[in-house]
Structures are given as C-alpha cells and as structure tokens.
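Hi,

Here is the structure for you to look through. Please open it first, then read my notes below.

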Amino acid sequence: MTKSNITITLAVFFLVLAGLAQAECTPTVTFDNRSGSDASVNLVGPAVYSVAVPDGSARTVSVSGGIYYTLTRYGVPGNYSYSRGDSFTVRKLLMPGGSSCSRIRITLHQ
C-alpha cells in the first residue's frame, strides 16, 4: 500500500467512526407513571410525540433535540384530569470524538 492509499483508508475509517457516533446519539424522554391513573402524554416541541403510559409503568420515547413541554391526560373516559408541564430542553450534541444526548426521566403525578 502506498502512503496516499493508507491516508485515504484512515480518512474513510475515521469518517465511518464519526458517522457511527452520530447515529448512536438519540435523545430519549422516559415517562414513569406514579399517578394512580392511566395517562396519555403528548410531548410537544419541534415534533409531537404521543405515548400511553399505564399506571405503574414507564415508557421511553426517542426524540429530536429542542425545547418541549408535556400535555398529560389522566384517568378514564368520563373522569379525566389534565396537566401541562413546564418547558425543558432536550440536547443532542455532536462533538469531535463522541456525542452527548439527553436522557430525561419525568415522573408523572396527578
């Protein structure tokens, strides 16, 4: 192998590694329902995600970076209550040598 072939091979190798690091960076938001009622959560931000979270369980959603808030409906038909959560930021940082993604956990209380 010539010196230029080795240089090209190394460059391709590092580009592939950088692509893999970016692919692994998927922020998540986990909803842990401790409310005593089933919940339906809308995560509202750059995109909208909807997830049903039965009482006593947790559900995780893969999201894009940005500023979000939650709209949550608790209960059963004919007996619902609603809440709006505060805004929070989900980060997806791609840096040389690696990446950093938000792993957010929200406990639902009625």
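Two strands count as paired if DSSP finds at least two bridges between them. Keep that in mind for the sheet below. Also note that this is a predicted model.

First, the outline. The protein chain has 1 helix and 10 strands. Of the 110 residues, 29% are buried. The accessible surface is about 7000 Å², and carbon and sulfur atoms account for 57% of that.

Now the sheet. An open sheet is built from 3 strands, in the order β4-β1-β10, with mixed pairing. β4 (58-62) and β10 (103-108) are the edge strands, and each has a single partner, so one side of each has no neighbour in the sheet. On average, neighbouring strands here are turned by 20° against each other, direction ignored. β1 and β4 run antiparallel and share 5 bridges. Within β4, T60 stands opposite T30.

Next, the disulfide. A disulfide is a covalent bond between the sulfur atoms of two cysteines. The whole structure holds 1 of them. C25 is joined to C101, with 2.0 Å from S to S. C25 sits in the loop between α1 (3-23) and β1 (28-33), while C101 is in strand β9 (residues 98-101), so the bond ties together parts 76 residues apart in sequence. Both C25 and C101 are buried.

Best wishes

How values were computed
Residues are numbered from 1 along each chain as its sequence is written. This is a predicted model: local features need pLDDT of at least 70, side-chain atom pairs count only at pLDDT 80 or more; totals for chains, interfaces and linings use all residues. Side-chain values use heavy atoms; hydrogens and water are left out. Helices (H or I, at least four residues) and strands (E, at least two) are DSSP runs, numbered from the N terminus. Buried means under 20% relative accessible area, exposed over 50%, partly exposed in between (1.4 Å probe, protein chains only). Accessible areas come from the Shrake-Rupley method with a 1.4 Å probe; for residues, only the protein chains shown count as cover. A disulfide is a pair of cysteine sulfur atoms within 2.5 Å. Axes are lines fitted to C-alpha atoms, for helices over the stretch in contact, and angles run from 0 to 180 degrees between N-to-C directions.
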